[in-house]
Number of protein chains: 2
Amino acid sequence: MGTASYAQSDSIMLRNISDEVMLHGTCYENLRYLCKKIGNRLSGTPQAARAVTWGEKAMTEAGADKVWLQPVDVPFWIRGQEKLAFRYRGEKSFKEVNVLAIGNTVGTDNKLLEAPVVLVKDIEEFKNLPDDAVKGKIIFFNYRFRQDLVNTFEGYGDAGRYRWLAPNMAAARGAAAVIIRSVSTGVDDQPHTGSMRYADTVKPIPAVAIGNTTADILEKKCKEGAVSAQMQSNCHMAGTVRSYNVIGEITGSEHPETYITVGGHLDSWDVGEGAMDDGAGCVQTIEIVRTMKALGIRPKHTIRAVLFMNEENGLKGGLAYADSARAHNEKHMIAIETDAGGFSPRGFGLDMKESKKETIRSYRHLFLPYGVYDFEHDEGGADISPLHRMGVPVAGLLPDPQRYFDLHHTRADVFENINHRELKLCAVSLTGLVYLVDKYGLGHIDPLSDTPINSNVPHSLKKTN
Amino acid sequence: MGTASYAQSDSIMLRNISDEVMLHGTCYENLRYLCKKIGNRLSGTPQAARAVTWGEKAMTEAGADKVWLQPVDVPFWIRGQEKLAFRYRGEKSFKEVNVLAIGNTVGTDNKLLEAPVVLVKDIEEFKNLPDDAVKGKIIFFNYRFRQDLVNTFEGYGDAGRYRWLAPNMAAARGAAAVIIRSVSTGVDDQPHTGSMRYADTVKPIPAVAIGNTTADILEKKCKEGAVSAQMQSNCHMAGTVRSYNVIGEITGSEHPETYITVGGHLDSWDVGEGAMDDGAGCVQTIEIVRTMKALGIRPKHTIRAVLFMNEENGLKGGLAYADSARAHNEKHMIAIETDAGGFSPRGFGLDMKESKKETIRSYRHLFLPYGVYDFEHDEGGADISPLHRMGVPVAGLLPDPQRYFDLHHTRADVFENINHRELKLCAVSLTGLVYLVDKYGLGHIDPLSDTPINSNVPHSLKKTN
């Protein structure tokens with residue numbers, strides 16, 4: 001087979017994959033079921049257990065050669081009831097606001113905690129507070145998500161620190177509690193929850209998040225005069241629960257002992273429906289299996305489609321998967337994660353040797369008709385980070401990032417905010433990458449890689465009926 | 001100034017434009033006002049008149065040197081009441097369904113029209129119908145939007161023909177009325193309205209659209225047995241109304257007599273809020289003026305920001321603008337349209353001489369940090385098509401097209417379906433293009449255009465605070 005026909009066969013295969021997913025894909029209806037019939041599914045909850053059962057069934061129906069559950073012991077955090085109210089200068093009564101405790105935090109043991117609120121705009125300002133402005137106070141970290149950063153994941157890296165650092169820094173100095181401005185790009189009042197962990201050296205204090213609208217008001221009121229807060233909550237850790245990663249395999253025809261892992265995470269936060277985080281990644285992962293089977297693609301290497309448990313507040317699923325890979329001395333060619341929302345795909349993050357990146361970049365012209373052009377970032381994904389630390393090359397799907405942090409870890413992360421075509425195009429790109437990596441490995445440069453960039457589908461491949 | 005510093009200054013200017021829009025842009029709040037306080041605004045309606053007043057004010061507040069209204073006489077179509085119901089085989093009564101008359105069509109004069117429904121899947125099948133299967137019947141054109149086409153605008157070009165052709169073809173053969181499956185990618189029951197025009201040779205018949213869900217049911221029922229429809233409506237054309245294009249100018253400092261036109265259209269269909277079609281384009285157009293003024297950019301050529309009237313059902317605004325340009329012998333360097341939704345931008349369609357395309361493509365590396373990489377399509381825009389026929393080079397913003405035809409011309413085209421960051425990024429790209437075209441003209445190739453494609457913001461330009 002000559003160079004041109006080689007490349008054309010790949011181009012046609014990607015087109016077949018796209019047609020199969022866009023016309024017959026089940027991922028959108030799978031997502032509807034997961035969101036509407038199961039709902040949110042924090043690790044340890046009955047819904048998470050139902051999601052495991054559902055995932056096993058869906059993976060089987062997709063046609064995986066082998067499906068099994070990999071045991072994972074996960075932490076179980078319970079939100080319970082929560083309340084936050086402010087009394088501004090000159091007002092007599094406390095007014096309740098929209099609030100979400102940060103995940104894994106302690107509450108007030110259901111007691112009423114009342115204390116003055118101290119506003120700081122960032123960590124620097126907090127560090128400069130005198131001790132008596134911290135001790136016994138409720139510190140309000142009002143750090144803003146940087147809307148000027150076009151890549152919102154950069155903004156998340158920046159503002160997201162506050163969810164972890166603020167409670168620990170305030171606890172270390174004797175604060176009574178912490179309120180953070182949500183790590184949010186939203187023009188709304190949605191509070192965003194998310195993970196944190198107390199350092200062993202501090203006595204845990206309650207930590208909650210408020211939405212941008214409430215944060216704006218609180219900032220203004222704090223600047224005008226004294227503000228008091230009342231906080232009452234009973235969130236707490238409730239031990240460990242046995243759960244599972246769901247794994248589906250298509251056994252390799254030539255090198256079954258070499259693995260290509262691709263996956264998203266099955267757990268979600270305990271609000272909304274975990275639609276984009278990461279229901280989308282799960283149903284795309286299942287769609288890869290379904291599509292390869294529907295098209296009769298027989299991979300040379302074994303494809304492992306994994307729905308990881310407990311990405312959100314412990315990463316126990318990713319750790320268990322890597323531990324098992326190490327224990328069985330498994331050879332992993334690459335691990336690919338989809339956990340950045342089910343929006344229109346734009347690229348793949350690549351974290352691997354430069355020569356391997358070049359292999360994947362040489363397929364750029366094959367991906368371009370599907371809107372995928374960006375191979376310059378280095379995101380993989382949290383669930384596959386333990387594998388990566390063992391030396392496995394990793395890649396992460398990069399959907400359009402603009403909407404993600406409006407919805408992330410909120411009540412608004414629901415099915416209705418995912419578009420069926422965007423979701424499916426993600427599955428197209430993922431299946432395409434799995435197909436190409438399986439076919440050529442990571443040491444191959446596509447002979448047509450220097451084809452001028454052209455986002456049109458090659459004319460000869462356009463369907464006319 | 002050397003080559004490198006030249007290019008760096010452009011890169012910095014695009015960064016400044018982005019920061020200005022993302023941090024201080026008013027387009028999202030302008031869109032909120034237009035959608036929520038004025039609402040949909042079909043040509044000729046009082047809301048369209050209010051939108052003109054609003055547009056003039058917003059353009060003035062944005063800082064345009066000169067703002068005026070250009071008279072346009074527009075057709076006025078009135079939907080009135082409409083009803084469609086089906087009686088399926090074995091059922092006694094008619095059941096109403098969700099329906100929208102196609103724009104510019106005639107109704108039933110409020111009389112009850114009852115006739116058998118004849119299903120055809122496409123034009124070919126219609127042509128093969130015997131005459132007695134057409135005459136006096138209600139023909140149901142069940143042509144599906146091709147979900148396999150990644151670029152939904154290609155699918156629109158394909159399925160959109162039915163809105164124009166079906167009523168005319170059926171009328172020519174004596175059908176009583178036409179029902180079309182909506183020109184829609186939606187997984188829902190939204191009917192999509194839109195424009196059509198009867199040929200002079202036919203006697204107009206009513207033509208309506210139903211949503212995908214209803215179309216699926218109707219198809220099934222037609223295949224099972226005889227289906228009758230009842231139709232009642234009073235839509236009609238109601239003469240001509242005086243309206244206006246809203247025009248804002250930033251006067252050129254060196255060549256004020258040469259124009260760069262950029263715009264969207266102010267009118268919308270009479271359902272929903274006309275948020276993405278084309279409120280988004282209008283507020284982006286205003287944002288360009290505001291941003292250039294806020295940054296103190298003094299263009300060499302005169303920038304004309306235009307809110308066109310009557311794109312949807314007559315194009316009278318675009319025609320009036322071009323007529324005026326011809327009458328005044330105006331010199332137009334380029335016209336740029338934004339009328340493809342306020343979603344995350346991906347590129348610009350370019351319809352101009354190849355050498356001029358190459359000029360714009362040579363700025364690819366400047367646009368890439370903002371997600372804009374695709375300069376290979378040739379869409380301009382309807383409003384600027386009359387200018388284009390006079391020889392003016394045209395360009396059209398290409399936002400991500402996946403969601404567009406779920407919402408297009410429906411009740412669901414509302415403010416909530418536009419994301420603030422995506423909307424603003426469109427304004428960033430448009431302002432960037434206006435800036436570069438003004439600065440260099442269309443005969444210049446950027447000396448750094450062969451910089452390897454890299455979607456990261458150049459490190460030296462990243463802000464660290």
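Analyst: Before going on, some ground rules. This is a predicted model, where local features need pLDDT of at least 70 and side-chain atom pairs count only at pLDDT 80 or more, while totals for chains, interfaces and linings use all residues. Residues are numbered from 1 along each chain as its sequence is written, and chains are lettered from A and ligands numbered from 1 in the order in which they are written.

Now the neighbourhood of that bridge. β4(B) and strand β8 (residues 207-210) of chain B are joined by two bridges and run antiparallel. Strands here are DSSP runs of E with at least two residues, helices are runs of H or I with at least four, and both are numbered from the N terminus. Two strands pair if DSSP finds at least two bridges between them.

Zoom out a step and you get an open sheet of eight strands in chain B, in the order β3-β2-β9-β5-β6-β7-β8-β4, with mixed pairing. The edges are taken by β3 (95-96) and β4 (100-101) of chain B, each with a single partner strand, so one side of each has no neighbour in the sheet.

Further along that order, strand β5 (residues 113-120) of chain B has a partner on either hand. Four bridges tie β5(B) to strand β9 (residues 228-233) of chain B, running antiparallel, and within β9(B) the bridge partner of B:A115 is B:A229. Another four bridges tie β5(B) to strand β6 (residues 138-141) of chain B, this time in parallel, with B:V117 bridged to B:I138 in β6(B). As a rule, side chains in a regular strand alternate between the two faces of the sheet.

For strands elsewhere, hop over to chain A. Strand β12 (residues 301-308) of chain A is mostly covered, with eight of its eight residues buried. Buried means that 20 or more other C-beta atoms lie within 10 Å of a residue's own; 12 or fewer makes it exposed, anything in between partly exposed, and the C-beta atoms are placed from the backbone. β12(A) runs antiparallel to strand β10 (residues 236-250) of chain A, joined by five bridges; A:E249, for one, has A:R304 as its bridge partner in β12(A), and A:I250 has A:I303. With strand β11 (residues 255-265) of chain A, β12(A) runs parallel over eight bridges, among them A:Y259 with A:T302. β10(A) also pairs with strand β1 (residues 66-78) of chain A, in the antiparallel sense over 12 bridges, and there A:K66 is bridged to A:E249.

The contact between them takes 15 residues from domain 1 of chain A and 17 residues from domain 2 of chain A, where contact means C-beta atoms, placed from the backbone, within 7 Å. On the side of domain 1 of chain A that touches domain 2 of chain A, helix α13 (residues 404-407) of chain A gives the most, with three residues.

Then there's the packing. The largest nonpolar core has 276 residues, and A:L31, A:V178, B:L31 and B:V178 touch the most other members. Such a core is a set of buried Ala, Val, Leu, Ile, Met, Phe, Trp, Tyr and Cys residues joined through C-beta atoms within 7 Å. Leaving out residues up to four places away in sequence, B:L31 touches B:A275, B:G279, B:A280, B:V283, B:F415, B:I418 and B:L423.

Finally, the two chains together. The contact takes 31 residues from chain A and 31 residues from chain B. On the side of chain A that touches chain B, α1 (3-24) and α14 (420-440) of chain A each supply at least two residues.

Technical notes:
Contact = placed C-beta atoms within 7 Å.
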